[in-house]
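Please find below some notes for discussion, arranged as numbered points. They are meant to be read with the sequence and the coordinates open alongside.

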There are 2 protein chains.
Amino acid sequence: MAETDEGVQICDAAVTLAFSVLGKRWNGMIVATLGTEAASFAALRRSVSGISDTVLSDRLTELAQAGLVARTVETGPPVSVSYELTESGRGLLPILDQLGRWASANLGAAAH
Amino acid sequence: MAETDEGVQICDAAVTLAFSVLGKRWNGMIVATLGTEAASFAALRRSVSGISDTVLSDRLTELAQAGLVARTVETGPPVSVSYELTESGRGLLPILDQLGRWASANLGAAAH
């Protein structure tokens, strides 16, 4: 990040881009929950605690548009829809793991 | 993260904790913008493009409550208030850098 003469860093365009996706409630949690395996909508709904059907559906659509999640429809019967991370989405997993470790070490302690 | 018998991962409490702070618009960008130096409110306001005074003020208060940002008041005259990352907040910088690299490589390409 470039530094101004006041010592403030100019907000990095790449970080801004990252938070255009991750700075929205649930998105990081959905990516972390998907992990490396495909999951049905119902299974995701159960695993991402507290999310509603409508919001999960909206977020999956956005994550698919951003290229992080792929949606696969199996023409049944019964029809089944599954979601999994793309290669791009999987690239976030080790970073989310580090974020989780940071949160455990720092935010967890602050909450006590 | 624990895996269920359906192959879906249980959303990690630590990742959920991380996004209780970072899953809110601007917070990651404010931390990245502060970087390693103290900054005045006015300098931050100029560097975090598009944020309003009220929202920046609210976010700085939240980040201070979460222990990521320290606020220092110099009793002047003139009174000056500066903000800087705590050790906890600085711990996020290398992770935000990785997020930025991931976004440049993945979201940037998707936008073309």
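Predicted model: local features only at pLDDT ≥ 70, side-chain atom pairs only at ≥ 80, totals over all residues.

1. Helix α2 of chain A, residues 27-34, is largely enclosed by the rest of the structure, because eight of its eight residues are buried. The buried residues of α2(A) run from A:Asn27, A:Gly28, A:Met29 and A:Ile30 to A:Val31, A:Ala32, A:Thr33 and A:Leu34. A residue is called buried here if 20 or more other C-beta atoms lie within 10 Å of its own.

2. The contact between the chains takes 49 residues from chain A and 49 residues from chain B. On the side of chain A that touches chain B, the elements giving two or more residues are α1 (13-22), α2, α3 (41-47) and α6 (93-111), and of these α6(A) gives the most, with 13 residues.

3. Chain B holds an open sheet of three strands in the order β1-β3-β2, with antiparallel pairing. Its edge strands are β1 (39-40) and β2 (69-74), each of which pairs on one side only. Between β2(B) and β3(B), the latter spanning residues 80-85, there are six bridges, and B:Thr72 has B:Ser82 of β3(B) as its bridge partner.

4. Two helices of chain B pack on this sheet. Helix α2 of chain B (residues 27-34) touches β1, β2 and β3, and its direction makes about 100° with that of β3(B). Helix α4 of chain B (residues 53-65) touches β2 and β3, with its direction at about 110° to that of β2(B).

5. Is B:Arg90 buried, exposed or partly exposed? B:Arg90, which lies in helix α5 (residues 87-90) of chain B, is partly exposed, because 15 other C-beta atoms lie within 10 Å. Leaving aside neighbours within four places in sequence, B:Arg90 is in contact with B:Thr36 and B:Leu85. As for B:Arg59, it stands 31 residues from B:Arg90 in sequence and 17 Å away in space, C-alpha to C-alpha.

Terms used:
Residues numbered from 1 in each chain as written. Chains lettered and ligands numbered in written order. Helix = DSSP H or I, 4+ residues; strand = E, 2+ residues; numbered from the N terminus. Buried ≥ 20, exposed ≤ 12 C-beta atoms within 10 Å, placed from the backbone. Contact = placed C-beta atoms within 7 Å. Pairing = 2+ DSSP bridges. Axes fitted to C-alpha atoms, helices over the stretch in contact; angles between N-to-C directions.
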